[in-house]
Amino acid sequence: IYYFLHDHDIDKAKKEIKKSKNARNSTWQYSAAFLAAYEGDLEQAHKIYQRAFRGQVTPSTPLEVETFIHDVLEVEPDKIQLWYCLDMINYFCKGDMASTRNDFVQFIALASAQNRFATSIAFARKYLEEIGLEAA
């Protein structure tokens with residue numbers, strides 16, 4: 001977090017994440033997924049999040065990560081791909097269906113308008129269908 005927020009040095013942040021790999025705790029994967037998404041690789045972020053959700057974290061980790069992502073979006077609203085990260089956390093980890101719908105719809109609208117992240121848009125639509133919601 002320090003290297004990302006203070007120095008905005010993504011490479012150093014990635015190196016620190018690699019140092020923190022831990023088979024008993026998947027918190028480091030949340031960070032790795034965030035950085036992949038931040039750099040625009042949502043397909044890689046999706047894969048990392050899926051592994052992270054199967055691992056163990058402290059109960060507060062998903063909310064802390066969600067708050068962090070919202071903070072980044074306030075400063076950098078052009079990082080629309082971060083809405084997809086929120087989608088993943090709310091749907092797969094927290095089970096917060098109200099936020100899931102809002103975040104997926106937000107992501108789909110922004111990404112579609114910019115003609116970006118077609119694969120992730122398809123996943124978002126699929127997940128909305130799975131939970132019986134529509135993209136609007």
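I call a residue buried under 20% relative accessible area, exposed over 50% and partly exposed in between, with a 1.4 Å probe and protein chains only. Helices are DSSP runs of H or I with at least four residues, numbered from the N terminus. The model is predicted, so I note that local features need pLDDT of at least 70 and side-chain atom pairs count only at pLDDT 80 or more, while totals for chains, interfaces and linings use all residues. Residues are numbered from 1 along each chain as its sequence is written, and side-chain values use heavy atoms, without hydrogens and water.

**Entry: α8**

I looked up which residues of α8 are buried: S120, I121, A124, Y127 and L128. Down the axis of α8 they fall within an arc of 125° (directions from the helix axis to the C-beta atoms), so they line one face of the helix. I then checked the face turned away from that buried side; A118 and E129 are exposed there.

What covers the buried residues? I found α4 (42-54), α6 (81-94) and α7 (97-113) among the cover. After α8 comes G132, with a positive phi near 80°.

**Entry: α3 and α5**

I looked up α3 (residues 27-38) against α5 (residues 61-75). Their axes come within 11 Å and cross at roughly 20°. The axes are lines fitted to C-alpha atoms over the stretch in contact, with angles from 0 to 180 degrees between N-to-C directions. That makes α3 roughly parallel to α5, a term for angles under 35 degrees.

Contact means heavy atoms within 4.5 Å. On the α3 side I listed T27, Y30, F34 and Y38, which meet T61, P62, V65, F68, I69 and V72 in α5.

Methods
Helix = DSSP H or I, 4+ residues; strand = E, 2+ residues; numbered from the N terminus. Parallel < 35°, antiparallel > 145°, perpendicular 65-115°, else oblique.
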